[in-house]
Structures are given as structure tokens and as C-alpha cells.
Amino acid sequence: MDEDLKGMNFLMEPFYAPLFEALLKHVAEAPVGFHVPGHHSGQAMNLDLPVNEQTAHPSEYFHKIMQLDVTELSTTDDLHHPEASIQEAQQLAAKTFGADETYFLVGGSTSGNLALLLTLCEPDDIVIVQRNVHKSVLNGLRLSGAKAVFLSPRIDKETGLALVPTLGQVEDALASYPEAKAVFLSNPNYYGMGVSLSSYVEAAHRYNVPILVDEAHGAHYGFHEAFPNSSLSEGVDAVVQSAHKTLPTLTMGALLHVQGNRIPLNSLRESLAMIQSSSPSFPILASIDISRAMIDTLGPTLFDQSLRAVGSFRSWLRNQGTTLCEAQYDADTASVLQVDPLRVVLYDSSGQRSGFELQKLLEQHGCFAEMADPIYVVLVFGIQTSMQDINKLQQAIETISNSSRGTEQWPKGLDQHSMTDGFEWTSVQPVSFKKTAFKNKAIQRIPIQLAEGRLSAEMITPYPPGIAILYPGEKITAVMVNYIQYLSDAGAKFQGAIDPSLATISIFAEKADLPT
């Protein structure tokens, strides 16, 4: 669809969302249900609850949505064996997004990433993987028992932020491992930075290797001339998108698109049935269908208000002269970079406040950012972001910029460059993710300051963005220790860490470490 948008008017279609309409028709017939779920079409919300003055009755918010929260009935279809409204909704989505087949996901992009790796990989199979992928890709490797050939990301010299590996890195890996089952990349990143993937696709296909892309943050790509092209339009074999991140979809709603003949569809359906709930949420499924229908009906105009809002904000930011500035990229990176215009990456040019602190200060003024790291805070401008929203954000930034620092001191001593430059993630040999790789290894907890040179026994993942600093079995370096301690001191939240304070870490112990 991407190229069709360039230089021509979009022909609107009538709003039609078959799954949503099937649910509405079911409700309109006033059925009496003797089936799950237990809220009984929302009737449980009608109970008289002694709520206080500050608490709304749950029925005010949940009654309507619960009427649509049904199970697999003759009127609603079955996600794992679609024959009616879900089948039609997925076919319409495939046409809209430019795929041969599209599958609705109710477990976020995570479920799509897991399913793809389970579909393509047997134990000990090799996958060429960008190292700074979402933790779900690493978990997919663990579940499948595959081996990863890790490629270090390309680092922007100006910001220290990471992109996909270079084309040369991927080509070298394919030449060394032509038997690889797939190349797995993440594009764009959490900061809205991406590159064109057409040359990567050509390289992988020369070896008849499928290329998989976690495009979680780019579900809107290709639907407006201001946006980068979608991965599908550039020939990628399978793409996972978090529809809930940038489209009007309920949280956990995502899409898995497939094209070409390199992905075995029957195996993929089996993997999706294993990974996803046998009782999927119909409100989530319907919201995916509604998002697709809104794209078909409104076309690029769906995003016009968002683009006007972010354009106004960027213009104000450039002219206002606050200490909060938008990140600027190195010239070499900028020459290949494709940036999502709906994401603004801010930092304090005075160097006085970390990204974590900026995030907290914005929250104190009622503005909640998508994520923060030691340097930057990331803002995502959603559909229908209003000028009133922009005015509130501008007022918050003016107040923050003009205020002196508080008494709370944030950690110093590292910048984004020193953190990313110190990571060398390219693997010389394929890394095994089989569970048996460490079956006979004992696990020990030690102070993290003593962990350099040891093998991690846990996955350490700051969230967001959900990119693991360490996976089980990875060798711990001094740079990793410093980075983890810095993030912990700065207030980052970690998923997978047994010790939330990160004062200690689990390692695979050598015999000499164990008590006698």
C-alpha cells in the first residue's frame, strides 16, 4: 500500500469491520448465555457495591465492553480455526497491510516473535540475530533451542543510540552460516529510528533465507507519505507489529504478516495455537479489526491531526530555546536513517538531568512519556493528539527548563556513548539457547561487582524498552556491570532480575565456587 499513497488521493471506503459487527449483532439479539466468561455479559457489574465517593462503580467503565467479551460461539468464530468473521477480518487486514496472510495476535508482538522462531527452528538450528532485539526474541530462541549468531547493532556516533546491524555484517554472517534458518532484525527501534530493509532482504534471499522483522513500533508505517515504508513493502518474509502501540487498538492487540513461500503456514498456525490463549479476548480482536477498518475508511487523514500536533511542537521547541532539545543524529547515520515523525526524543542540553529525571518531572506536570533512559526521554504522539495536549506539554517543558535542579542527585559518570561503545555483542561462535546447555551447572548469587567474567544465570532486562542487557549463559563484562549499576541507581525498572536492587546477580557457578 505504501507506494499507492505517494502522489495520489486516497479513495475512502465505507467503514466495515466484520468481527466488530458480528459481536454487535450477537448482543443485539439479546442472547441468554450459559457459557464463560463469568461476568455473564457484564451483568455481574450490576451488583450494588458500596463504593466511596472517590471511586466510580465498575459498571460505568466495564459494562459495555463486557457485552462484547464473549467466547467462541457459532456467532463469533474461533481465532485458532477461523471460518467466519475472524477469517474475513484477517483477510481484509492482509489486503490493507499488503501481506499474503495476516494473523491477529492477542498476546502482543511477543506472541508473534515466539511463534515465528518455533515455526522455523529445531534445536541447534542457527538464526542470525540482531543482538539488541526485544527479550521475546531471546525467549523464542530458548523455547526452540536454536543457536544464535549475534550481530552487534550499528551505533549512531552523535547520540549513542543503536540501529540494526550494517548490511555488511548481515552479508558476512550469511556467507559464514548459509544454513541459517532466518535473519531476525528489529526495525524501527524504540526511539523511532530505522533503515530501509530492501537490500537486507535481497542479501538474505540470495541464500533462500527468510528475513523476519520485529516492527512492533511501526504498525502505522506506509499509511501516510510522512511515514517510512513498511517492512512488508520492502519484501520482508514475516513482520510482527504491535497494533496497540500506534493504531487505535486495545493493549495486547498485534499483527503477524507473512508473504512469499519461505514461512510454512501450517506450522505457523500450530505455533500460534500453542503460544496464544485458547480463550482469546474478543474485545482485543475486534479493536484490531476496527483499526484496519479506520485505515481503509480514513486513509492518511487518520494521522493528519497527530502530524500537525507533533509538527507544531517541534517548531515551538526549535524556536523556544529551552534546555530540553530534540536528539540530532550523526551525518553518516542521517544519510540512511528513516525516522518516525510521531516520536520525539528529548534530552537536557545542560547535562543536569537524566532522561529518568526528565520523565519524572514531566509526570509531575501531568505529562506521561513512553520511556526514558539515562540520557533521553521518548514521547509518542498518538492519533488525535490535540493542541490542548501540546500546550500542556509545552508548559511543562518551560517550567522544567526554567527551574533549578532539586536536591535529589542523579548518577553521573556515564554517557550514552560510553555505555553503547563498550558493548561488543557480535558472537564469534553460535550461542546455544538449549535448556540443556547449562543443565548440570549450579547457580550461585554473588555481588554484582564481583560478576565480571562470569556467566549470567538470569536475564536482566530494563523495561521499557525490553532489550536484555544479559541473557542466561552470556559472559558478564565490566561494561555490563557498570551499566546495570548505573541504570539501577538512576531508577530504571528491570524485568527478570531476581534481586530488584541489582546488588546481586545469579551466575553459573564453577565447582571451585561451591561450598564443600
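**Rings, contacts and a patch**

Phe-227 and Phe-303 are both buried. Please keep in mind that you are looking at a predicted model. These two residues form an edge-to-face aromatic pair, with 5.1 Å from centre to centre and 80 degrees between the planes. Phe-227 sits in the loop between strand E6 (211-214) and strand E7 (238-241), while Phe-303 belongs to the loop between helix H11 (282-298) and helix H12 (304-320), so the pair ties together parts that are 76 residues apart in sequence.

The structure holds eight aromatic pairs, and another one is worth a visit. The ring centres of Phe-433 and Tyr-471 are 5.1 Å apart and their planes meet at 40 degrees, so this pair is tilted. Phe-433 is in the loop between strand E14 (431-432) and strand E15 (442-447), and Tyr-471 is in the loop between strand E16 (461-462) and helix H17 (478-490), which puts the partners 38 residues apart. Phe-433 is buried, at 5% relative accessible area, and Tyr-471 also counts as buried, at 5%. Together with Phe-150, they form one aromatic cluster. Over the face of Phe-150 lies Arg-131, 5.6 Å from the ring centre.

Thr-159, in the loop between strand E3 (147-151) and helix H7 (167-176), is buried, with 2% relative accessible area. Its side chain makes a polar contact of 2.7 Å with the side chain of Asp-156, and a polar atom of that Thr-159 side chain lies 3.2 Å from the backbone nitrogen of Leu-161.

Finally, the surface: Tyr-61, Phe-62, Ile-65 and Leu-250 make a nonpolar patch of about 420 Å². Tyr-61, in helix H3 (residues 59-68), counts as exposed at 63% relative accessibility.

How values were computed:
Residues numbered from 1 in each chain as written. Predicted model: local features only at pLDDT ≥ 70, side-chain atom pairs only at ≥ 80, totals over all residues. Heavy atoms only, no water. Helix = DSSP H or I, 4+ residues; strand = E, 2+ residues; numbered from the N terminus. Buried < 20%, exposed > 50% of the residue type's maximum accessible area, 1.4 Å probe, protein only. Polar contact = N/O pair within 3.5 Å; in protein donor to acceptor, adjacent residues only side chain to side chain. Patch = residues over 30% accessible without salt bridge, like charges linked within 9 Å, V, L, I, M, F, W, Y side chains within 5 Å. Areas by Shrake-Rupley, 256 points an atom, 1.4 Å probe, with all protein chains shown as cover. Salt bridge = Lys/Arg side-chain N within 4 Å of Asp/Glu carboxyl O. Phe/Tyr/Trp six-rings, centres within 6.5 Å; stacked < 30°, edge-to-face > 60°. Lys NZ or Arg CZ within 6 Å of the ring centre and 35° of its normal.
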